[in-house]
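Reader: I would like to learn how to read a structure such as this one. Please show it, and then take the features in turn.

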Amino acid sequence: MNKDRLIQADRNHLIHPVSAWRDHEETGPRILKSGKGAWLTDIDGKELLDGFAGLWCVNVGYGCQSVVEAATAQMTALPYATGYFGFAGEAAIELADRLAALTPGNLNRVFFSLGGSDAVDSALRFIRFYQHARGTPEKKHVIGLTRGYHGSTYTGAGLTALAAFHRNADVPLTWQHHIPSPYPYRHEGDSSDAAIIASSVAALHAKVEELGARNVAAFFCEPVQGSGGIIVPPAGWLTAMREACRALDILFVADEVITGFGRTGPLFACEHENVVPDMMTVAKGLTSGYAPMGAVFMSEDIYTTIRDNNPPGVAVGHGMTYSAHPVSAAVGLAVLDLYQNGVLASGVTAGKRLATRLDAMRGHPLVGDVRISGMLAGIELVTDKTLKTKPSPELGISKKLAAVGYEEGVLFRAFGDDIIGLAPPLCCSEEEIDILCDRITRVLDRVGADIGR
Ligand SMILES: Cc1ncc(COP(=O)(O)O)c(C=O)c1O
């Protein structure tokens, strides 16, 4: 198909994820053709620096031949192997084995899903199985954070606390609850690290008390909130929440779908504070977006409790046709090799450069806050820095940012609530980080001039 026909066919038939359907039919798609390293080329040959690694997933960058070759070899040898009925593929076994050695503490057991949403949904099911197995079936309630994102399945959308996912969706479900996000920039009152941590711990205790401790199963959080606007909690927050969960006898689940696989520096963000969750969900960087795959890791205790409660011959009823897909697993192995042979280290170096450059942007008239953890960053825009005033919706800032960004040859996430999200591929050189930040500064200057700032 030529470009015009592609655009028309897209408008007519393709439903895009989390999109305004009416707007999309009017504007049509921007079609991407190819990628190399941190760079994309669109259908018109325009080059774009991808400051968002696709959808915070292409951590190793585009065009990695070792990954392509691993997928090709697996497709050629065996494109599909079911995990049902006792069958298995080699790649998935090897990936499980290597990851079990790398995940925090005793998160030794892994269930492979197709992406992050069904990893979260699987975690919620395993939590139910566990509480039943343990003899505490009344522990059904689950608590998350406001501004949290945990995917788009029915249950995940309810645990998510973003309005777009609740609208007309009849979620959150009755057993899903939220406590305030640890949001330093907009924290009211004492905004010291200690005060923010104390208020999250107090909010968790209060919510558990309100629901009844014997009724609460688990607390979910992202170590850095991603889709909620890249909110980096103070150092010590994760540890404090983990400890609070232990004290309250509720499971602590770290959703590392974005933060996993080097996005914040170490392989998993929990490693910053040596936190060992009871469960951890991952996706995105697991395969760097080259093939769909997610995973739920569970502690040995959760695994054995579920196992020992099921009589011999009785299945634990959870699975999907494409769980542990061999091609995705082969891709996962190749990507893990890249992380361990330089990409993680490259991300740490590039992250330092990104932090320096973003820090220098704090003086820009539109920039209210900059927050960063490794190669994950947010720039929050305001029209009055002292009052932290959000730009009025009529200014249509996020649409302008995305449009001007494209013209300037840079891709980033322009969140609806005036926050720029950055998650460049970890393979970026320091020079590429400079180009990224130069272009973003130009975008801010142009949008600022457009709205008279
Ligand atoms: C923290 C978190 N959990 C879950 C998901 C859902 O993952 P997926 O889009 O692969 O279903 C996402 C996606 O961005 C995420 O950021």
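Reader: Why does Arg 362 count as partly exposed?

Author: Burial is judged by relative accessible area: buried means under 20%, exposed over 50%, and partly exposed in between, with a 1.4 Å probe and protein chains only. Arg 362 counts as partly exposed because its relative accessibility is 38%. Before going on, note that this is a predicted model, where local features need pLDDT of at least 70, side-chain atom pairs count only at pLDDT 80 or more, and totals for chains, interfaces and linings use all residues. Residues are numbered from 1 along each chain as its sequence is written, and side-chain values use heavy atoms, with hydrogens and water left out.

Reader: With which residue does the side chain of Arg 362 meet in a salt bridge?

Author: A salt bridge is a side-chain nitrogen of Lys or Arg within 4 Å of a carboxyl oxygen of Asp or Glu. For Arg 362 the partner is Asp 359, at 2.7 Å from N to O. Asp 359 is partly exposed, because its relative accessible area is 45%. Both belong to a network of salt bridges that also links Arg 186, Asp 369, Arg 371, Glu 380, Lys 390 and Asp 418.

Reader: How many salt bridges does a search of the whole structure find?

Author: The search finds 26. One of them joins Arg 147 and Asp 417, whose closest N and O atoms are 2.6 Å apart. This pair links distant parts of the chain, 270 residues apart: Arg 147 is in the loop between strand E5 (141-145) and helix H7 (154-159), and Asp 417 is in the loop between strand E14 (413-415) and strand E15 (419-422). Helices (H or I, at least four residues) and strands (E, at least two) are DSSP runs, numbered from the N terminus. In another salt bridge, Arg 307 meets Asp 308 at 2.7 Å, N to O. Arg 307 is partly exposed at 41% relative accessibility, whereas Asp 308, with 56%, is exposed.

Reader: Which residues surround the ligand?

Author: A residue is near a molecule if one of its heavy atoms lies within 4 Å of it. Here the surrounding residues are Gly 115, Gly 116, Ser 117, Tyr 149, His 150, Gly 151, Glu 222, Asp 255, Val 257, Ile 258 and Lys 284.

Reader: Is Thr 259 buried or exposed?

Author: Thr 259 is buried, because its relative accessible area is 1%. Its place is the loop between strand E8 (251-255) and strand E9 (279-282). The Thr 259 side chain makes a polar contact with the side chain of Glu 256, at 2.8 Å.

Conventions: Polar contact = N/O pair within 3.5 Å; in protein donor to acceptor, adjacent residues only side chain to side chain.
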